[in-house]
Amino acid sequence: MKIAIAGYGYVGKAVEAYLQHTGATTKIVDPEYYRILGKDLTCGLKVSDTNADGVIICVNTPQAENGECDISNVIDVLGDTHAEKPVLIKSTISLEGWKQIKEIFPSHTISFSPEFIRADTAIEDMLNTKTIYIGGGHYYFWERVFQRTTKLSKIIHAKPEELILAKYFRNSFLATKVAFFNQIYDLCEATNIDFSKVSTLITEDSRIGQSHTEVTTERGFGGHCFPKDTQAIIKTAHREGVDLSLLREAIRYNNNIRKGTT
Ligand SMILES: NC(=O)c1ccc[n+]([C@@H]2O[C@H](COP(=O)([O-])OP(=O)(O)OC[C@H]3O[C@@H](n4cnc5c(N)ncnc54)[C@H](O)[C@@H]3O)[C@@H](O)[C@H]2O)c1
């Protein structure tokens with residue numbers, strides 16, 4: 001089985017590492033990757049050149065100027081992919097992005113599988129994947145590709161729209177949790193009470209847990225995904241006439257306390 005990986009950043013590299021354990025061969029499609037290697041940019045850059053059995057899209061989907069999720073890189077790759085090839089989107093896309101993709105590429109068979117790895121430990125996280133979430137057309141093809149590892153114990157099916165919201169709200173919940181603990185920190189500072197002790201006492205409750213409770217020197221949340229994903233879901237909700245006011249406040253507070261650019 002030959003799989004083209006379009007987008008060779010954190011997620012693309014992690015997917016490649018995973019596929020190395022499945023017996024699949026991979027072909028990387030990423031102009032930036034070839035530029036770094038110093039290779040001829042005109043060869044081997046397109047998905048259509050790879051003759052792969054399937055395509056996994058791991059390109060970046062940055063925040064557009066208006067705050068929405070910019071899926072133009074995903075559209076570029078799909079535009080260069082034959083309609084009969086199974087495609088799996090691992091990039092984070094919005095509900096409106098998914099709708100647009102289906103409208104532009106009605107004959108393509110596209111599955112979506114949200115990715116939950118962390119940038120700092122992307123390959124390790126991917127190799128330890130226990131559950132894959134997948135929906136859309138041809139998902140059985142991707143099940144065959146991904147199933148062949150010892151760690152993976154569960155494949156959960158859902159509609160792409162459900163998976164898209166699950167991805168955004170996992171990140172939004174964790175970002176809000178970071179903001180919440182930063183406000184606990186603010187009160188501890190104001191009252192001269194030891195935040196780390198208070199935090200430990202709170203997170204002793206296993207329902208709350210310790211993840212995303214650390215208050216860093218940069219303060220608040222940042223990184224590759226939380227800022228853009230929280231903004232994007234606010235935009236989606238706004239389009240639908242829903243005000244995610246708790247999340248909006250978490251973002252507003254975060255923008256006030258966050259030091260640096262990310
Ligand atoms: N970084 C993470 O931890 C993480 C976790 C979960 C989900 N995601 C999502 O996965 C996607 C990829 O994230 P990332 O952090 O790996 O991005 P990244 O910026 O590290 O890498 C993206 C790569 O895609 C390439 N690219 C852009 N357009 C392309 C095109 N048309 N054809 C081929 N290659 C192209 C870029 O050159 C770049 O190397 C994003 O949607 C992100 O939100 C990221």
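**Overall fold**

I began with the secondary structure and found 11 helices and 7 strands in the protein. Helices (H or I, at least four residues) and strands (E, at least two) are DSSP runs, numbered from the N terminus. The radius of gyration is 20 Å, close to the 18 Å that the globule rule gives for 262 residues, so the protein is as compact as a globular protein of that length. That radius is taken over C-alpha atoms, and the globule rule is 2.2 Å times the number of residues to the power 0.38.

I note that this is a predicted model, in which local features need pLDDT of at least 70 and side-chain atom pairs count only at pLDDT 80 or more, while totals for chains, interfaces and linings use all residues. Residues are numbered from 1 along each chain as its sequence is written.

Along the principal axes, the C-alpha atoms fill a box of roughly 65 × 40 × 40 Å. I looked up burial next: 37% of the 262 residues count as buried. Buried means 20 or more other C-beta atoms within 10 Å of the residue's own, exposed means 12 or fewer, and partly exposed lies in between, with C-beta atoms placed from the backbone. Of the contacts with a separation of 6 or more, 66% join residues 24 or more positions apart. A contact here is two C-beta atoms, placed from the backbone, within 7 Å.

**Ligand shell**

I counted 26 residues around the ligand, of which Gly7, Gly9, Glu32, Ser91 and Ala119 come nearest. Helix H1 (10-19) and helix H4 (72-79) are the elements that give two or more residues to this shell. A residue is near a molecule if its C-beta atom, placed from the backbone, lies within 6 Å of it. By class, the shell has 12 nonpolar, 9 polar and 5 charged residues. Ala, Val, Leu, Ile, Met, Phe, Trp, Tyr, Cys and Pro count as nonpolar, Asp, Glu, Lys and Arg as charged, and the others, Gly among them, as polar.

**Sheet**

I traced an open sheet of 7 strands with mixed pairing, in the order E2-E1-E3-E4-E5-E6-E7. Strand E2 (25-29) and strand E7 (154-157) are its edges, each pairing on one side only. Two strands pair if DSSP finds at least two bridges between them. Neighbouring strands are turned by 25° against each other on average, direction ignored.

Leucine 88 has serine 111 of E5 as its bridge partner. Helix H8 (residues 160-191) packs on the sheet, touching E5 and strand E6 (131-136), and its direction makes about 135° with that of E6. Axes are lines fitted to C-alpha atoms, for helices over the stretch in contact, and angles run from 0 to 180 degrees between N-to-C directions.

**Single residues**

Most residues other than glycine have a negative phi. I found phi near 60° at asparagine 192 and at histidine 212. Asparagine 192 sits in the loop between H8 and helix H9 (195-203) and counts as exposed, with 6 C-beta neighbours inside 10 Å. Histidine 212 lies in the loop between H9 and helix H10 (226-239); with 16 other C-beta atoms within 10 Å, histidine 212 is partly exposed.

I also looked at helix H2 (residues 31-37), which holds arginine 35. Arginine 35 is exposed, with 11 other C-beta atoms within 10 Å.
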